[in-house]
Amino acid sequence: MPCINIKGEVPSEFNQITQKVFADKANSIFQNAKTYTIYSINYTGFINGDILSVVIKSNLKEGSNAQRTIVETYNYNLKTEKKVSIYDALNKKNITQDALNSKVKTVITNAIKDANKIQLTGYETYSRDVNSDIYNIENIETFFFGEDGSLYVLFPYGNNKFTSEMDIVKF
């Protein structure tokens, strides 16, 4: 399990989230090993300037439930010792809120079109609503700066539903 080994309130908060979302689930699986379960956790981190980005991703398959992909991201300013918000990230990359809204809408609209094509062949897909509040800037918490310094905004639907589908918007 990853742990951010930096002293302070914000890294401690990140570690508490990791404990709650990932470690507690792993402990629950070990204690209740009666159901067939597959659980994997991967993580990585990047430093871009003063920003540390950590990405934790798990895949969870329990019994007859659909597989889920759960993603948490943490963004920490090493210089100011503060959590980096989506607004901070946009400012760092000189991206306007309108540009983010436009690109998110385009990516989600295209994902809906692709899902509709797949559904026509008889397969089920995750149902997206381009007007959902999850796509509003003030609700975006899952993002990170990658190895190349690009900003990635993620919509990991498996965080709240039984799905592995995720949309990624890259700047």
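Leaving aside its neighbours within four places in sequence, which residues is Asp-167 in contact with?

Modeller: Happy to! This is a predicted model, so local features need pLDDT of at least 70 and side-chain atom pairs count only at pLDDT 80 or more, while totals for chains, interfaces and linings use all residues. Residues are numbered from 1 along each chain as its sequence is written, and side-chain values use heavy atoms, with hydrogens and water left out.

Let's start with your residue. Asp-167 sits in strand E7, where strands (at least two residues) and helices (at least four) are DSSP runs numbered from the N terminus. Apart from its neighbours within four places in sequence, Asp-167 is in contact with Val-107, Ile-108, Ala-111, Arg-128, Val-153, Leu-154, Phe-155 and Tyr-157; contact here means heavy atoms within 4.5 Å. Two of these partners also meet Asp-167 through polar contacts between side chains: Arg-128 at 2.6 Å and Tyr-157 at 2.5 Å. A polar contact is a pair of N or O atoms within 3.5 Å, one able to donate a hydrogen and the other to accept it; residues adjacent in sequence count only if both atoms are side-chain atoms. Asp-167 counts as buried because its relative accessibility is 7% (buried is under 20%, exposed over 50%, partly exposed in between, with a 1.4 Å probe and protein chains only).

A pocket is an open set of points on a 1 Å grid over the protein atoms alone, with protein on both sides within 12 Å along at least five of seven lines, and lining residues have an atom within 4 Å of a point.

E1 and E2 form an antiparallel pair with twelve bridges; two strands pair if DSSP finds at least two bridges between them. Tyr-39 has Leu-60 as its bridge partner in E2. Two residues lie between the strands of this hairpin, and Gly-49 takes a positive phi near 65°. The open sheet runs E1-E2-E3-E4 with antiparallel pairing, and its edge strands are E1 and E4 (82-83). Two bridges join E3 and E4, with Asn-77 opposite Lys-82.

E3 takes us on to the largest pocket, where E3 supplies the largest share of the lining, seven residues. That pocket has a volume of about 710 Å³, and Glu-72, Asn-139, Glu-141, Thr-142 and Asn-159 are the closest to its centre of the 30 lining residues. Asn-139 belongs to the loop between helix H3 (97-120) and strand E5 (143-145). With a relative accessible area of 39%, Asn-139 is partly exposed. Asn-139 touches Asp-133 and Ile-134, not counting residues up to four places away in sequence.

Conventions:
On a 1 Å grid over the protein atoms alone, a cavity is a set of points where a 1.4 Å probe fits but cannot get out, and a pocket is an open set with protein on both sides within 12 Å along at least five of seven lines; lining residues have an atom within 4 Å of a point. Grid points are joined across faces, edges and corners, and a volume is the space filled by probe spheres set on the points.
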